Amino acid sequence: MIAVIRSAATCFWAVMRTKMAEQMAYRSHFVLSVILLIAGDLVVPLITLLVYRSGATFAGWTLYEALLVQAIFGLAKGIAFPLFFGMVNTTLGLVREGTFDLLLLKPRSVLWMTMLRGLDLDDFGRLISGGVLFGYALSGVSAPSITGWLQFAVLFAASLAVLCTFALLLSGLLFQWVGSSRVFDIFDSVTSFGMYPGTIYSKAVQQLLTYVIPVGLIANMPAVALLGRGGWETLGAAGASVVFLALGLWFWHAMLGRYTSAGG
Amino acid sequence: MTMIEVNQLTKTYMTHERGHSMREIAMNLIRRPMKEVRAVQDITFSVNRGEMVAFLGPNGAGKSTTLKMLTGVLHPTSGEAKVLGLTPWKQRREYVRHIGAVFGQKSQLLWDIPPIDAFYMNKAIYGVPEADYRRRLDQLTTLLQVGDIMKKPTRQLSLGERMKCEFIMAMLHGPQLVFLDEPTIGLDVFAKESIRDFIKDMNKQGVTFILTTHDLDDVELLAERVIVINHGEIVYDNALTNLQRLLGDKKNVRIVTDTPIRQLSLQGVTVVNSISEVEAELEIDTEIIPLKRFINAVNEQCGIQDMAITPLPIETLMKELYGQGSRTMTAASATGVPAGVAAQQGDLSM
């Protein structure tokens, strides 16, 4: 087991090294991408700020608390996008060209190779915007307790599992819907529900967003934990993320079976 | 010792038919009629360790599909294949550790960074020990004379240099079996020669090669055995030297005469290309008209000024084979060996 983990880690760092070298080949593109991502991710928090300045609020949430949800959303994307969402572009491009074959010729799990191939360092820029916003939001709320931080850690891991599942679902769809770059729109539409405090939705929608399509787990529930509003029972919702992830893994592999390559 | 054993391998897939008219394109939004395509039908063959086999066929014949099944990329619809004792599509991870692949039209290198970085990445992916990696890299770079170019960004390399690096990428983990798909496409004569010499060297060291190409020079210079596939079926599987006999004993003659060649009237002689009134390329069937009689007759009728006799070009033979489609040919017609004996030797399966 240790040998497998060591081998996977060696592989990961070797790919990261080449990805870094690739990014450095076009430094200006890299810097510009990072800046644009940061700017793009700050749009929703800026709108939230404007909403609160105009006197309106999300019921029961102060500005800082609302921003905390969006900051956690940014942080989760800052980790999940560079690690998992490159898979979607990799599948999109390679399946259409028939060059996905090259990944199947490597002696590793196809999913692992797809993920490695899709590693996207630009997206780590989202960590900067998310981190800055997180610090700013925390400065305006009472300091979380140790229990709050522990609950947050578990729920944040669940948040990453949910985002990873979305990447698996979108990537899997592309084995069937070859070349459909619109799959990202599906992701944006569905996850946009997770950018706002959960209590603004009806109870039924909240349940849906927690246990069926758990986008509420991406940011709302970790924020609730940090604010000390969630009990240990909220951790049960993390179980939904494990089921969701298992479903995503099953779906991706089932769709991989539909890969037909391209004419030679 | 058998390395590849393929038994009645078949691959069919569904594809949708699409028309060209505006109405048909619009109808496609609502309903897509599906059609079954039999890409490969019941093919059976085996390849021994250390062989160099050319796998040929016209576009769409089924050779790429066959190779994709043999590399573990595609699952067959039915049939079996054992390569190196493993079933490629069932034991893919274990299997691909022992094979390599070079695609003339699909690069495994990374466009923006030097090949050496891609080699390093492959070392980690295959888990090649450092000492083996260094030794093989030294050996391969010496054989292919790449040296410093490995440190230049891939996009700045010439096609020939890039292809040499593709070979290094495919060989660094020490594969026993290598699939080559159009390895010399687009290369100049020097690069082609270098690549072919490398393949021969590796083959001498025991590496088995399966070569797919439309460059028949590659076939003549590299392969000992040829498998031709057409319409998903194997139409020829034998030594390259026997290919000539398959279509009878024919020769290609380029001739320059004193008087116009059109006056020439001989059975078994076909004008392939009339260059001028007194110069032409002919194809003669020596079973109908032996060479000696042909030369005497031409000299008497037109007066020979110059003449060059060569075996029939391999292109002509291939065109004949591709044109024959799935028509069954017997071993005896190709080799003179009775069909049953040839089949036992694994020579022909047409």
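Me: What is the strand order of the open sheet in chain B?
Reply: In this predicted model, the six strands of the open sheet run E5-E6-E7-E3-E8-E9 in chain B, with mixed pairing. Strands are DSSP runs of E with at least two residues, and helices are runs of H or I with at least four, numbered from the N terminus; two strands pair if DSSP finds at least two bridges between them.

Me: Which strands stand at the edges?
Reply: Strand E5 (99–103) and strand E9 (233–239) of chain B each have a single partner strand, so one side of each lacks a neighbour in the sheet.

Me: In which sense do E8(B) and E9(B) pair?
Reply: Strand E8 (residues 225–230) of chain B pairs with E9(B) in the antiparallel sense, over six bridges. Val226(B) is opposite Asn238(B) in E9(B).

Me: Now the helices. At what angle do H5(B) and H6(B) cross?
Reply: The axes of H5 (residues 130–144) and H6 (residues 159–171) of chain B cross at roughly 155 degrees and come within 10 Å. Axes are lines fitted to C-alpha atoms, for helices over the stretch in contact, with angles from 0 to 180 degrees between N-to-C directions. The two helices are therefore roughly antiparallel (angles over 145 degrees).

Me: Which residues of H5(B) and H6(B) meet?
Reply: Leu140(B), Thr141(B) and Leu144(B) of H5(B) meet Lys164(B), Phe167(B), Ile168(B) and Met171(B) of H6(B) (contact: C-beta atoms, placed from the backbone, within 7 Å).

Me: What about numbering and confidence limits?
Reply: Residues are numbered from 1 along each chain as its sequence is written, and chains are lettered from A and ligands numbered from 1 in the order in which they are written. Local features need pLDDT of at least 70, side-chain atom pairs count only at pLDDT 80 or more, and totals for chains, interfaces and linings use all residues.

Conventions
Parallel < 35°, antiparallel > 145°, perpendicular 65-115°, else oblique. Contact = placed C-beta atoms within 7 Å.
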